[in-house]
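Here is a short report for anyone meeting this structure for the first time. Please take a look at the sequence and the model, then read on.

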Amino acid sequence: MKPLRSLTGSLTGSLIDVRPLRSSPPFRRLLIGRTVSTLGSFMTMVTVMYQVWETTRSPAWSGAVGLAQALPMIGIGLFAGSWADRTDRRRAYLLANAGQATCSALLAVQGFTGHVPVAAVLALVAAQSGFGALGAPAAGVFVPRLVPEEQVAAALALNQATGQAMMLLGPAAAGLVLGRWGVGTCYLLDALSFGVSFAAAFALPAMPPEGGRARPGLGGVLDGLRFLGGHRVVRGALLTDLAATLLAMPAGLFPLVNDERFGGNPRTLGLFLSALAVGGVLATAFSGPVTRLGRPGPVMLGSAALWGAALAAFGLTRSAWTGLALLAAAGAADSIAVLCRTTLVQTRTPDALLGRVTAAETVVGQAGPQLGNLRAGLVAGATSGTTALVTGGLLCLAAVAAVAASTPRLRRGEREPEEGTAAAVPRARTDEAPAVPE
């Protein structure tokens, strides 16, 4: 019995840490609400792609869907972060949530009535993405305000796990609803899902910035960027993520690699994306040791290096099964790297700056993969899919090594000496810039 108990205890310790669900009822409610709205958002993403393709049969219009989603997030993000650091973050999130719900309701109306120009559909998609950009920095401060600091990583892992689960479930649910009830019903379900997240956030306490409010306009944005420039650990975390996505993003190469290696079989192509997702879900499900370890810096660097190495090896393999295993390993590494990056941002950034730094993190997360797919396509067009994958993976390894070498505190898992002192916290006056660690 003792060996069985020991094995059971070891397995339980490896599973995702659920302490935040027990210790913080507000976090538990918020997680449920955000999970439901994430499911609706993935359903809408698939539905928009389906509607635009069915209406136009144009790859250019289909590509414009991604542009409509990405540009508002990138263009609005940093200013939204500054606004979130000047106001009650709960109120900002509720406003953004209501805006997203309204856009989904309008999409539902046009879905039921039909005959709406595709440009109008994309305008609603862009508006919804803009409201999402407003809400993301505000939502970024909830976790460290709702759970103890030693449980922040575990809470973020729970957020990530539910998001990945909805990423797998949402498209399948959208397919079922589209086939039975049409696009209008999918959009309507998304609008209702925002109602659940609104109700969960409405019950939260007010969350004004602690330690001072941001300056208005561009000044507040520049203060946030100045903090990033001076805080080596947080800056290194964002640079590591940018290196991984900009230099080694593989998704745009999958159709070409599938043609080059596996005869263009559509089943293989679908499995490529699924392998990345499955690896990410499994890694998050067994993230307990990572979140309890309390050393996100070195774990993030190692995971980013594994991402690059796995994708370089995927570029060389000609075995479908080996390739899928490598992609699953890459997906697992990416999932852990993202978890560690977010943990570093939320535990090493003063609350008064957290909205702006979270906005910068969101911009990096949005722009990096898009630019990475562009880089991969250009290199593959000039050479081959294999060359683009292998060089991208090796460049990622080199970039991660450079960040590790230039940021010893990140590599060793140490805090900046100014953290936890008054020097790291902005002054309370709104007309002064926050102090920046040297």
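Phe 286 lies in the loop that links α13 (266-285) and α14 (288-293); helices here are DSSP runs of H or I with at least four residues, strands are runs of E with at least two, and both are numbered from the N terminus. This Phe 286 is partly exposed, at a relative accessible area of 41%. Buried stands for under 20%, exposed for over 50%, and partly exposed for what falls in between (1.4 Å probe, protein chains only).

Together with Leu 15, Val 278 and Leu 282, Phe 286 makes up a nonpolar surface patch of about 330 Å² accessible area. Members of such a patch have over 30% relative accessible area and no salt bridge (a Lys or Arg side-chain nitrogen within 4 Å of an Asp or Glu carboxyl oxygen), and nonpolar side chains are joined within 5 Å.

## The whole chain

The chain holds 19 helices and zero strands. Of its 438 residues, 50% are buried.

Residues are numbered from 1 along each chain as its sequence is written, and side-chain values use heavy atoms, without hydrogens and water.

Mean pLDDT (the predictor's confidence in each residue, from 0 to 100) is 86 for the chain, with 91% of residues at 70 or more. Over residues 420-438 the pLDDT is below 50. Where pLDDT is low, predicted coordinates should not be read in detail.

Definitions and conventions
Predicted model: local features only at pLDDT ≥ 70, side-chain atom pairs only at ≥ 80, totals over all residues. Patch = residues over 30% accessible without salt bridge, like charges linked within 9 Å, V, L, I, M, F, W, Y side chains within 5 Å. Areas by Shrake-Rupley, 256 points an atom, 1.4 Å probe, with all protein chains shown as cover. Contact = heavy atoms within 4.5 Å.
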